[in-house]
Every structure is written in C-alpha cells, then in structure tokens.
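Let's take a walk through this structure together, from its surface to its backbone.

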Amino acid sequence: DMMSAYFQCVNCGHSEEVHIDRGRIDEPTTCANCKAKHSMQIIHNRCQFSDKQVLKIQETPDSIPQGETPHTVTVYAFGDLVDVAKP
C-alpha cells in the first residue's frame, strides 16, 4: 500500500509529499511555488510504500454440518506482520 505520494510541478520542478489517509490521495491542485493550477504530476518511484498481505481464514470442512458453506474472514497484515502468519 502507498503510504505517501510524491508530486512534482511540471512547470517549476517544485516537489511536495502528501501522506495517504485511509487509502485516499489528496492530490495538490495548485503548485505552492509558481501557483500554476493542475501542474502537479505524481512521481511513482519517489512514493513510499509499505508491505501488505491479505489473509483469508476459513472454517475447516470437517467442523461444519454437511451441505453448509464454511465461513471466511479476510484479514489484512501490514509492515512487520507480513509473512508472519503461515498456513
């Protein structure tokens, strides 16, 4: 998952880092340096990312009555918890 996004103005080269809030990027619409509108472009290789793992936990088939579908729970692991849970 992206933790922070890095934007750079295509006109003057001014850069700005924006922190991600609940998966939403609040993209700057105006350059703080040259005041140009809609001139900020995301630079992907300068953005910061964190590790993320999706775990799906399901009831074992032998623990539920015959003919019923096992329940599934989805769990997300971030950072140091990635690859800690093993099947």
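In this predicted model, the protein exposes about 6900 Å², and carbon and sulfur atoms supply 48% of that area. Of the 87 residues, 20% count as buried.

Val54, Tyr76 and Phe78 make a nonpolar surface patch of about 300 Å². Tyr76 belongs to strand β6, which covers residues 72-78. With a relative accessible area of 47%, Tyr76 is partly exposed; patch members need over 30%, so Tyr76 qualifies on that count.

Now step back to the overall fold. You will find zero helices and six strands, which gives the pattern β-β-β-β-β-β along the sequence. How does the radius of gyration of the protein compare with the globule rule? It is 21 Å, well over the 12 Å that the rule gives for 87 residues, so the protein is more spread out than a compact globule. The C-alpha trace tells you about the outline too, spanning about 65 × 25 × 15 Å along its principal axes. As for contacts with a separation of 6 or more, 43% of them come from residues 24 or more positions apart.

Next, turn to the cysteines. How many disulfides does the structure hold? The count is zero. Cys12 is in no disulfide, and its nearest cysteine sulfur, that of Cys31, is 3.6 Å away. Cys34 is in no disulfide either; here too the nearest cysteine sulfur is that of Cys31, at 3.7 Å.

Finally, have a look at the backbone. Most residues other than glycine have a negative phi. Arg22, however, has a positive phi near 50°. You can find Arg22 in the loop between β2 (15-19) and β3 (40-42), where its relative accessible area of 80% makes it exposed. Asp83 is another non-glycine residue with a positive phi, of about 65°. Asp83 sits in the segment after β6 and is partly exposed, with a relative accessible area of 48%.

Terms used:
Residues are numbered from 1 along each chain as its sequence is written. This is a predicted model: local features need pLDDT of at least 70, side-chain atom pairs count only at pLDDT 80 or more; totals for chains, interfaces and linings use all residues. Side-chain values use heavy atoms; hydrogens and water are left out. Patches are made of residues with over 30% relative accessible area and no salt bridge: like charges are joined within 9 Å, nonpolar side chains (Val, Leu, Ile, Met, Phe, Trp, Tyr) within 5 Å. Accessible areas come from the Shrake-Rupley method with a 1.4 Å probe; for residues, only the protein chains shown count as cover. A salt bridge is a side-chain nitrogen of Lys or Arg within 4 Å of a carboxyl oxygen of Asp or Glu. Helices (H or I, at least four residues) and strands (E, at least two) are DSSP runs, numbered from the N terminus. Buried means under 20% relative accessible area, exposed over 50%, partly exposed in between (1.4 Å probe, protein chains only). The radius of gyration is taken over C-alpha atoms; the globule rule is 2.2 Å times the number of residues to the power 0.38. Contact means heavy atoms within 4.5 Å. A disulfide is a pair of cysteine sulfur atoms within 2.5 Å.
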